[in-house]
Protein chains: 4
Amino acid sequence: MIKIFIFGITGKIGKLIIKLIKINKNFIILGGINKMNLFFFKIKKYKNIFLNMKKNGVLIDFSDSFLIKEILLISIKYKLPLIIGTTGFNLLKLKIIKKASKNIPIIISYNMSIGINLINLIISNINIFLIKFNFDSYIIDIHHNKKKDIPSGTSLMLSSKIKKNNILSLRIKNIIGNHIIYIISNYEIIKIEHFVINRKIFILGILYSIFWILNKKKGCFSMYDVFF
Amino acid sequence: MIKIFIFGITGKIGKLIIKLIKINKNFIILGGINKMNLFFFKIKKYKNIFLNMKKNGVLIDFSDSFLIKEILLISIKYKLPLIIGTTGFNLLKLKIIKKASKNIPIIISYNMSIGINLINLIISNINIFLIKFNFDSYIIDIHHNKKKDIPSGTSLMLSSKIKKNNILSLRIKNIIGNHIIYIISNYEIIKIEHFVINRKIFILGILYSIFWILNKKKGCFSMYDVFF
Amino acid sequence: MIKIFIFGITGKIGKLIIKLIKINKNFIILGGINKMNLFFFKIKKYKNIFLNMKKNGVLIDFSDSFLIKEILLISIKYKLPLIIGTTGFNLLKLKIIKKASKNIPIIISYNMSIGINLINLIISNINIFLIKFNFDSYIIDIHHNKKKDIPSGTSLMLSSKIKKNNILSLRIKNIIGNHIIYIISNYEIIKIEHFVINRKIFILGILYSIFWILNKKKGCFSMYDVFF
Amino acid sequence: MIKIFIFGITGKIGKLIIKLIKINKNFIILGGINKMNLFFFKIKKYKNIFLNMKKNGVLIDFSDSFLIKEILLISIKYKLPLIIGTTGFNLLKLKIIKKASKNIPIIISYNMSIGINLINLIISNINIFLIKFNFDSYIIDIHHNKKKDIPSGTSLMLSSKIKKNNILSLRIKNIIGNHIIYIISNYEIIKIEHFVINRKIFILGILYSIFWILNKKKGCFSMYDVFF
């Protein structure tokens, strides 16, 4: 039985994790912290839970970037692997995460879907040829209008791998996640599009991550390591 | 100065080669065979041309599959590299081509565009993961209604690299070449699309091939070798 | 309070209606028939319910085409408006429905989404110009692989309004409903695409239909009458 | 025989008109003004040509907005119908054009393709329902990077007919003209896309306009009047 503790348990992703893990006998959720508790979070209160998680326990973080220090402390103190889906870390915090990963295994990712990571892999592989053959490129990122970050973390991640490109962002109604990459030369167009049908795809990624991280001793990993 | 001889010189591609090479000082077209002459083709008649091509000469074949033996004979006899864009070879003829390539360098390709070969490369790289993560896939091939082969050679080529897939073909008006690959799991869709704006993209591929093949001694190559 | 009775109450749409009407104070579901009961359906058993529905009552049918006669009898006897989403009626049954509509109001539709009916309206409006300017057209219908009818009823409906067209059908994973109409001349392409994000769109159509039909005396209507 | 005079005869469209009219026995080009001559344009010099055009003569303007007064003067003086494809007129100039149309027939259009005008017609027809059913919308306009106006005149025209919408513009390589309209509610997406394969589509629109305007006495018309 794998024991889970979720930071950000009442968020969109948190709720979905609960829903899907409920019907899966391999997992048990031992606890979580919601938005309200984040500010008054006291490690002591959860001490017994974390002790109890020592074997087969995993921390999952879909909360807010400001909490990362406390989460890393817990992770190190109780030797609990950590999966981070929270975004918006500054360089300093990313350094702290990197440092912590010398003691514990950490997976950090902006987008836990298989498809986006597959496209990420594709872009890494072909970028050298896009330069060689002088392709121009554009990324269009379309998301629901409650998404705060413009452009999306995912499009920034994809963009960082393609030389010479721009990002256009649409925020509109209920689109979960839609990214389109235009790759254009004078005589041809390549269009690579990703469309999320259901948020469950992100949970699927988390489940893969949990199984994968259990055997790791330490290190900072991405979904690339998990999936491919 | 690179000397070119074209089999199928009055076809769509043949004409375009002439048009584009005319304005390029690196090339000269020394001769060609059109559809009419194919049936009465006598090597002797062209002997002087082929002798003249010995240095920096390249044969280009966009004619018809039945002529391949004669073309290979010329290629071997006069030591002329050969670029084959003709399609529809049966297994026997493919074997003969392969055998000839032990003496001369040959490039053979169904589709000389950079984009389609890039997508071919992508598919080869990710297919193992499509299987691992249980994606289904469909290829849609859309071409002008004068195209004889259904499905297109290109979609067959792409299809051969993806496990479990079907091809749908549309033949409609003036579309030069449009291929769409749907890759779908239960929760997400990846769509990879290629669209030809202008037939010149094929000629560009031929020009790359010509420069590339000049330095080769022997061997059977694909556009993969040329481009990547 | 609007009183609902659902034929096919345990189907995909039936369940969704229950779920959405539960949280809506304007509606109450007085009863329903599921797949099992369909074969042993006795009107008598439900007599009191139907009597009780006389004011503000609506029958909804998402069951099976073979039950239509009984449903129409109830509808006429108890003067209850009827909304039909069931498909697969033969000409004879369609005639019976038409005849019944001389006494009661009936809405019948293959697809209750706003978007598809909007596209249906578009096609009806422009078809005369597609003929005039010699456009060719193709409809691609993409649905989950549990959908039984190929091509989809919706694509047949759209197809019937466009002269000279073909339908290609893809059945693949979890796609709820995706229709693409290609309209192509020699020099330009128009693509009209509909994509269902969530099945709730069909329920929304049913809710519109219920409000709309309450004031009608008799007649056979489509979603066109409801929406536009 | 229809007699044509072209303002902007050496522009992209001007050249194409010449090329296509050459092989059409119904037309003869009597003259034209290119970019160089525009600044030193003297009506007198062309007097005989305009007199000669009195029967079956049409003026075509794909030049620059600053020349419109002179063109209108000629049009009125010699009673020659006028087709305007030039863009970038300010309100004052549009007023002058309108006023001139009380004496001569004028067609003015931002986009002479059948497809864009068809989509324009569609949008006009459905906009009332987009508002009623609370759809959001976005227009993406993709053009070659030599196009000066951002966003395109066509996307502004389409945009003016849809309530609540935004335009995103991509300028990239050799795309002649590509417009995509996203229409999205919480549960469904409608995408209407137009893609120009070949600039000839604009010339086709001009040919339709020429035949159409010959029988008109006066008035200011759009491609809507010509096509539908």
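**Exercises on a predicted model**

In this predicted model, 58% of the 228 residues of chain A count as buried.

**Exercise 1.** Decide how the radius of gyration of chain A compares with the globule rule.

Solution. 
- Start with the secondary structure: chain A holds 9 helices and 10 strands.
- For the dimensions, the C-alpha trace of chain A spans about 65 × 35 × 35 Å along its principal axes.

**Exercise 2.** Describe the surface and the charges of chain A.

Solution. 
- Chain A exposes about 10,400 Å², and carbon and sulfur atoms supply 57% of this area.
- Count the charged side chains of chain A: 36 are positive and 9 are negative.
- The centres of these two sets lie 13 Å apart.

**Exercise 3.** Work out which residues of helix α5 (residues 91-100) of chain C are buried, and how they are arranged around the helix axis.

Solution. 
- Apply the cut-off: buried means under 20% relative accessible area.
- The buried residues of α5(C) are Lys93(C), Ile97(C) and Ala100(C).
- Down the axis of α5(C), these residues fall within an arc of 65 degrees, so they line one face of the helix.
- An α-helix has 3.6 residues a turn, so residues three or four places apart point the same way.
- Their cover includes α4 (68-77), β4 (82-84) and β5 (105-108) of chain C.
- On the face turned away from the buried side, α5(C) carries the exposed residues Leu91(C), Leu92(C), Lys95(C), Lys98(C) and Lys99(C).

Note on methods. Residues numbered from 1 in each chain as written. Chains lettered and ligands numbered in written order. Predicted model: local features only at pLDDT ≥ 70, side-chain atom pairs only at ≥ 80, totals over all residues. Heavy atoms only, no water. Helix = DSSP H or I, 4+ residues; strand = E, 2+ residues; numbered from the N terminus. Rg over C-alpha atoms; globule rule 2.2 N^0.38 Å. Buried < 20%, exposed > 50% of the residue type's maximum accessible area, 1.4 Å probe, protein only. Areas by Shrake-Rupley, 256 points an atom, 1.4 Å probe, with all protein chains shown as cover. Lys, Arg positive; Asp, Glu negative; His and termini not counted. Charge placed at Lys NZ, Arg CZ, Asp CG, Glu CD. Arc of directions from axis to C-beta. Contact = heavy atoms within 4.5 Å.
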